Amino acid sequence: MIVNDRITDYIKSLETDRSPLLIKIGKKARQEGVPIIREETAAFLQTMTTAMRPKAILEVGTAVGYSTLLMAEAMPPDCHITTIEKYEKRIPEAKENFIEAGETKRITLLEGDAQEILKGLDRPFDLVFMDAAKGQYLLWLPRILELMAPGGMLISDNVLQDGDIIESRYAVERRNRTIHGRMREYLYELKHSERLTTTIVPIGDGITVSILI
């Protein structure tokens, strides 16, 4: 863990219960090894959604729709989420969860490769949540910035890679070195871009919050 386990456990102990549906989705996903956001990250995401009061949200990486529905619970009634998922086996479950939540009118699920789908989007998004293939964040960033409204917020999850991000590439398992290098480049770009103001938050597996200037 990036943060002391005792601190993390204490933070989790303060959390109020989520809706029965989100509890069910989260429990099932974790039992089946579906990569959904951690509980402390979930609370952060809902807080940022509430603070932003967005009209339009873009999510890259739906999985089974857990984080999508977390944002839907916190966003204004007239907000709409566009969410992208490539992994075909998870898409039917995400759709079922959106139906059960009664949120099919406020959520649009786009199926396929994010790089291609992003090219076809044109509306400005007030909030973007990136939680997909970590090695692709840097590739997607230029188009993401084009799609963001001025003053919009970009939240990127899993940026500290369980603490491995601080290690040299030779200390990381060979199979993870490419992702490790790309994530370091991504973090450098976020922190040094003249178009963004970015902070790195060491909760969960690491989050960045970037505001488009």
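Predicted model: local features only at pLDDT ≥ 70, side-chain atom pairs only at ≥ 80, totals over all residues.
Helices α3 and α4 pack with their axes 8 Å apart, at an angle of about 40°. The crossing in which α3 passes α4 is right-handed. On the α3 side, the contact is made by Glu39, Ala42, Leu45, Gln46, Thr49 and Thr50. On the α4 side, the residues are Tyr66, Ser67, Leu70, Met71, Glu73 and Ala74. By class, this contact of α3 with α4 divides into 6 nonpolar, 4 polar and 2 charged residues.

Let me take one residue from that contact. Glutamine 46 is found in α3, the helix of residues 39-52. Is glutamine 46 buried or exposed? Its relative accessible area is 17%, so glutamine 46 counts as buried, the cut-off being under 20%. Setting aside neighbours within four places in sequence, glutamine 46 is in contact with Leu70, Glu73 and Ala74, and also with Arg18.

I turn now to α4 itself, which spans residues 66-74. How many of the residues of α4 are buried? The helix is mostly covered, with 8 of its 9 residues buried. These are Tyr66, Ser67, Thr68, Leu69, Leu70, Met71, Ala72 and Ala74.

Helix α4 also packs against α2. The axes of α2 and α4 are 10 Å apart, and the angle between them is about 160°. The two helices are therefore roughly antiparallel to each other, since angles over 145 degrees fall in that class. Their crossing is left-handed. From α2, the contact draws on Leu21, Leu22, Ile25, Gly26 and Arg30. From α4, it draws on Tyr66, Leu69, Leu70 and Glu73. By class, the contact of α2 with α4 has 6 nonpolar, 1 polar and 2 charged residues.

The next pair is α2 with α5. Helix α2 covers residues 20-31 and helix α5 covers residues 91-101; their axes come within 11 Å and cross at roughly 165°. That angle makes α2 roughly antiparallel to α5. Here α2 passes α5 in a right-handed crossing. Which residues make the contact? Leu21, Lys24, Ile25 and Lys28 contribute from α2, and Glu93, Asn97, Glu100 and Ala101 from α5. By class, the contact of α2 with α5 has 3 nonpolar, 1 polar and 4 charged residues.

Another residue deserves a place in this account. Isoleucine 144 lies in helix α7, residues 137-147. With a relative accessibility of 0%, isoleucine 144 counts as buried. Leaving out residues up to four places away in sequence, isoleucine 144 touches Leu58, Val60, Leu118, Val128, Met130 and Leu154. For one of these, valine 128, the separation from isoleucine 144 is 16 residues in sequence and 8.0 Å in space, C-alpha to C-alpha.

I close with the protein as a whole. Its secondary structure comes to 8 helices and 7 strands. Of the 213 residues in the protein, 49% are buried. The protein exposes about 11,100 Å², and carbon and sulfur atoms supply 52% of that area. Finally, among contacts between residues at least 6 apart in sequence, 69% join residues at least 24 apart.

Conventions:
Residues numbered from 1 in each chain as written. Heavy atoms only, no water. Axes fitted to C-alpha atoms, helices over the stretch in contact; angles between N-to-C directions. Helix = DSSP H or I, 4+ residues; strand = E, 2+ residues; numbered from the N terminus. Parallel < 35°, antiparallel > 145°, perpendicular 65-115°, else oblique. Left-handed = near helix turned anticlockwise from the far one by under 90°. Contact = heavy atoms within 4.5 Å. Nonpolar A, V, L, I, M, F, W, Y, C, P; charged D, E, K, R; others polar. Buried < 20%, exposed > 50% of the residue type's maximum accessible area, 1.4 Å probe, protein only. Areas by Shrake-Rupley, 256 points an atom, 1.4 Å probe, with all protein chains shown as cover.
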